[in-house]
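Open the model in your viewer and keep the selection panel at hand. We will go stop by stop.

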Amino acid sequence: MPNTVFSPSIESRPTYAGLAPRPGAPAIMVADEAGAAAVTHLATVDATAMAKAHVVLVGAPAETSDALAALSPAAVQTVPDLDTATPIVEQLLSQARMGTQLFLAGSEGLMGHISAIALASGMALEDIQMEHRGSIARRMQCVHCKGITDGVTTDPFTCSHCGLTLFVRDHFSRRLGAFQGVCVDAETPGDIPATEEIRP
Amino acid sequence: MTKLALKVAAVEQLTPLVKRFRFEDPTGAPLPVFSGGAHITVEMPNGDTIRRNSYSLISDPYDPSGYEIAVRREDTGRGGSSHMHSAVAEGDTITVSVPANLFQLDLRARKHVLIGGGIGITPFLSQLRQLDREQKPYELHYAARSRAEAAGIALLPEAAHIHVHISDEGNRMDLGAILDGQPLGTHVYTCGPEGLIAAVADQAARLGWPKSAVHSEAFTAPPPGAPFEVTIASSGQIVPVKADQSLLEALEAAGVEIDYSCRGGACGRCETAVTACDGQIEHNDHWLSADERAAQKKIMPCMSRFKGTRLELDL
């Protein structure tokens, strides 16, 4: 399964160009189970890609991490979820030098969350490469209570923090690494459109 | 452009070629504060033309009591800097623009590396005061040929993160050593000769730095050259440009209305469309792209000149 192509939308909606080789560059790679395939593909295109790469695998089974370890990266760490990945990535970024590349592959939630941390660490956007693989579930911020709901697959959805019914917007915040969810029935409480699966 | 009529409060010879000037409001009123890297444009009346040169402010951006600049005398220039050196004295009145900034710090950076060559140290003198006040990590590297020429030495504070490289003393600046291993989020700023700016950009690219973290300002004044003529498309008026005059100055002297800001080929404000060109435009700006230069459809009158039979401007 290749990089997902999303429908054209507003400029704020991120698009993902895919992982391209940066031979010889030190790298931090963060991927989920689906994204691991993009990392493997990068390693086949560029034989030097893994030698200086620190890989953080999020919520992937043992066979996936074994497969990546077989590519001989500088290090592989497997963590159960994004919350556990966060301090590890922050630590890697705090020790990183100019010229380091960040490769993100997998869900939009993973890429949005990790790229926001990287931007806050001073990394330039042009040094962050992303490839979407797997689920098109979104990481949403409720603009009302500011709570984050990850893994959103329907529009509208219910904010997991304040319970409002939120419309899934394409408006994306790079700082927060999340799409914006806006109360769908603010004008006429209770007037809620039919729930639909979100599409790429 | 808002202008200020100021009093020359102090003139100090820093080195044989560099003088420091301090300007204050004649009534002692506070001046607009600015940001690190900002410049002012100084007016120098000279016969029928007003020469205007931009100079980086070297004083504390947060100090409204006066503006200070350092001017290096360029004997091969159009005469702006030598006018400052020979004709401007304490007590004179001088007209300057309010500060503008085309070389501001990127405040998202986690660390700033400032590299100044020769008189290119000037914009960093205000920037380092801003960085000190904001307690942002930085290091400054100042390169000069000899200690006698190094006006920056008198202007820089002594501190562990301020490095002076004097090539005559065998202490040449090693850009590889400066840039290699800088922490993520570092931005580099260079001001000085073209060669230094290119060398820093090269070294940064080799080390995989993103372009957005590499900043520069060339501190050029318009070069003199052979006289030429331009035609104004709207009126048919022919404006002669003298050898020691920039095209922008000639247009101003002829009463042709044209917008400007930096007068150094960096800001893009005076960009003018060329409606006819039989000859070669000598592009001396940092604004137009290589393709735009080759097309000869645009010119930056503040810096660029012309050789040929006919140049018509959309003015």
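Two residues count as in contact when their C-beta atoms, placed from the backbone, lie within 7 Å. Keep that cut-off in mind for the first stop. Remember too that this is a predicted model.

**Stop 1: where the chains meet.** Show chains A and B together. The contact draws 13 residues from chain A and 15 residues from chain B. Colour the chain A side by residue type: 6 are nonpolar, 4 polar and 3 charged. For the complex, the predictor reports an ipTM of 0.87 and a pTM of 0.88.

**Stop 2: the domains of chain A.** Select residues 27-132 for domain 1 of chain A, then 138-197 for domain 2. Taken over C-alpha atoms, their centres lie 28 Å apart. How many residues of domain 1 of chain A are in contact with domain 2 of chain A? There are 7, and they meet 9 residues of domain 2. On the domain 1 side, the residues split into 2 nonpolar, 4 polar and 1 charged.

**Stop 3: a sheet in chain A.** Show the strands of chain A as cartoon. Find the open sheet of 5 strands, in the order S7-S6-S11-S10-S9, with mixed pairing. Pick out S7 (148-152) and S9 (157-158) of chain A at the edges. Each has a single partner strand, so one side of each is left without a neighbour in the sheet. Now select S6 (138-142) and S11 (178-183) of chain A, which pair in the parallel sense over 3 bridges. Show side chains here: Met140(A) stands opposite Phe179(A) in S11(A).

**Stop 4: the domains of chain B.** Switch to chain B. Its mean pLDDT is 93, and 99% of its residues reach 70 or more. Colour three ranges: domain 1 (3-97), domain 2 (111-217) and domain 3 (228-313). The centres of domain 2 and domain 3 of chain B are separated by 33 Å, taken over C-alpha atoms.

**Stop 5: helix H1 of chain B.** Select residues 80-87 of chain B, which form helix H1. Which residues of H1(B) are buried? They are Gly80(B), Ser81(B) and Met84(B). Look down the axis of H1(B): the buried residues fall within an arc of 105°, so they line one face of the helix. Turn to the other side of H1(B), where Ser86(B) and Ala87(B) are exposed.

Terms used: Residues numbered from 1 in each chain as written. Chains lettered and ligands numbered in written order. Predicted model: local features only at pLDDT ≥ 70, side-chain atom pairs only at ≥ 80, totals over all residues. Nonpolar A, V, L, I, M, F, W, Y, C, P; charged D, E, K, R; others polar. Buried ≥ 20, exposed ≤ 12 C-beta atoms within 10 Å, placed from the backbone. Helix = DSSP H or I, 4+ residues; strand = E, 2+ residues; numbered from the N terminus. Arc of directions from axis to C-beta. pLDDT = per-residue confidence, 0-100. Domains from an automatic or database assignment. Pairing = 2+ DSSP bridges.
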